[in-house]
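These are my notebook entries on one structure.

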Amino acid sequence: MDNIILVGFMASGKSHVGRILSERTGMPLVDADSVIVERAGKSIEQIFADEGEAVFRALEREVIAELCSDKGQIISAGGGAFVDPDNRRAMLAGGMVFCLQARPETIYHRLKLDNETGQAVRPLLAGPDPLRRIRELLAQRAEAYGQAHHCIDTDELTPEEVVEQALNLLPTDAPSST
Ligand code: S3P
C-alpha cells in the first residue's frame, strides 16, 4: 500500500486526522515536522529563529523525500511542504495526497485554541495581524494545494467525518475502516 499523505494549511487538522486515520487503517503515523525537530534537536520555532526559514525548508525537503520513498505510512506534512515543487512531486508519486482545507476564520480560531493549549507555535503567523497573514498565505498557496489528489473541506466536519471522507476516497484495495 502506498502512503496516505495529509497536506494543507497550518491548523487544518492534519495531525488529529492523521492519528484517527492511523487507528482506523493500522498504518503508522509519521509527522514530518516531528522528524525535523528530532533531527535538528530543537523546535521548529527555534530552527526558524536560529537558522531562518531557508534552513528549515531544506531540512523539510530532505525529510519529505525520505518519507515518500517508503510505503504504508500515514504522513502528516507541515503546511508549507506541499508548496515546494520537489516535495509536491515526491508526495504525488509517493501516495494518495489529501489536502485538508478550511476558511481563514476557521484556521484562525483553531490556531487560537492551539496557542491556548500550548500545542504549537507557528513562526510564520507571529506578526500583529495573524488573520490577515493567514489570508495572504492561503492565497499564495491555493494553486499548490489544489494539486492534491483530493481536497476535503473541513469547516463543517469533525475530524472523524474528515477521516470517513478520506477512507471513502481511497482505492478499494486499500485498507478501509476496521
Ligand atoms: C508551516 C507549517 C507548520 C511548520 C512550520 C511552517 C507552514 O506545520 O511546518 O511552522 O509553512 O505552513 P503545521 O502545518 O503542522 O502547523
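I count as a polar contact a pair of N or O atoms within 3.5 Å; within protein, one must be able to donate a hydrogen and the other to accept it, and residues adjacent in sequence count only if both atoms are side-chain atoms. The model is predicted, so I note that local features need pLDDT of at least 70, side-chain atom pairs count only at pLDDT 80 or more, and totals for chains, interfaces and linings use all residues. Residues are numbered from 1 along each chain as its sequence is written, and side-chain values use heavy atoms, with hydrogens and water left out.

Entry on the ligand. I found a polar backbone atom of glycine 79 at 2.8 Å from an oxygen atom of the ligand. Lysine 14 places a polar side-chain atom 2.5 Å from a ligand oxygen atom. For arginine 141, the distance from a polar side-chain atom to an oxygen atom of the ligand is 2.7 Å. The protein buries 92% of the 390 Å² that the ligand exposes when taken alone (Shrake-Rupley method, 1.4 Å probe).

Entry on the helices. I looked up helix 2 (residues 32–40) and helix 4 (residues 53–68), which pack at about 120 degrees with axes 10 Å apart. Helices are DSSP runs of H or I, at least four residues, numbered from the N terminus; axes are lines fitted to C-alpha atoms over the stretch in contact, and angles run from 0 to 180 degrees between N-to-C directions.

Methods. Helix = DSSP H or I, 4+ residues; strand = E, 2+ residues; numbered from the N terminus.
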